[in-house]
Structure formats: C-alpha cells, structure tokens
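Trainee: Could we go through this one together, a few questions at a time?
Mentor: Gladly, let's look at it first.

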Amino acid sequence: MQIRGEWRIGAPRRRVWTTLLDRDALEQAIPGCDSLVERAPDSYEVTVKVGVAMLRGSVSGRVTIERFAAE
C-alpha cells in the first residue's frame with residue numbers, strides 16, 4: 001500500500017522539515033503509531049494500529065521522508 005498526498009502547513013519551511021526529521025515528532029504525527037524505528041537516515045520501520053468498524057489489527061511498513069527542490 002502506498003499513501004501519498006500533499007498538505008499545506010502554515011509554518012516556515014525550515015521549522016516543518018526540522019519537525020518531520022525529529023523521530024519523536026514524526027511518531028506523534030502518524031495516527032495509530034505503535035512503533036517507529038529508524039533504519040537509515042530519513043527511513044523508518046513503522047507499525048500502526050488500524051481499524052474499520054469491528055475489524056482491527058496492526059500493519060507494518062516503511063516510512064521514507066523524501067527531500068525535493070521547491071518548484
């Protein structure tokens with residue numbers, strides 16, 4: 001599963017990047033995050049709790065912070 005999107009955040013760019021690159025802040029920003037372990041710079045193994053109606057479980061995957069030049 002790949003989740004992508006675009007969000008506009010009303011804060012200075014440097015502050016947003018500093019927060020996203022902080023492991024503790026990133027863990028708090030991921031809904032249902034059970035664990036977040038750094039495997040490489042800007043790459044994490046993550047386990048989240050998910051649920052739809054009565055169906056509940058945990059999903060594991062990788063979170064990667066990709067840097068790109070502003071347009």
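The questions below go from confidence to the sheet and its hairpin.

Mentor: A word on conventions: this is a predicted model, where local features need pLDDT of at least 70, side-chain atom pairs count only at pLDDT 80 or more, and totals for chains, interfaces and linings use all residues. Residues are numbered from 1 along each chain as its sequence is written, and side-chain values use heavy atoms, with hydrogens and water left out.

Trainee: Which element has the highest mean pLDDT?
Mentor: pLDDT is the predictor's confidence in each residue, from 0 to 100, and the protein averages 84. Elements are DSSP runs numbered from the N terminus: helices are H or I with at least four residues, strands E with at least two. Helix α1 (residues 13–20) has the lowest mean, 85, while the highest, 92, belongs to β1.

Trainee: Why is one side of β1 and of β3 left without a neighbour in the sheet?
Mentor: Two strands pair if DSSP finds at least two bridges between them. The three strands make an open antiparallel sheet ordered β1-β2-β3. β1 (33–40) and β3 (55–64) stand at its edges, so each has a single partner strand.

Trainee: Which residue in the turn between β1 and β2 has a positive phi?
Mentor: Six bridges join the antiparallel β1 and β2 (residues 43–52), and Ala40 stands opposite Ser43. The hairpin leaves two residues between the strands, and the one with a phi of about 65° is Asp42.
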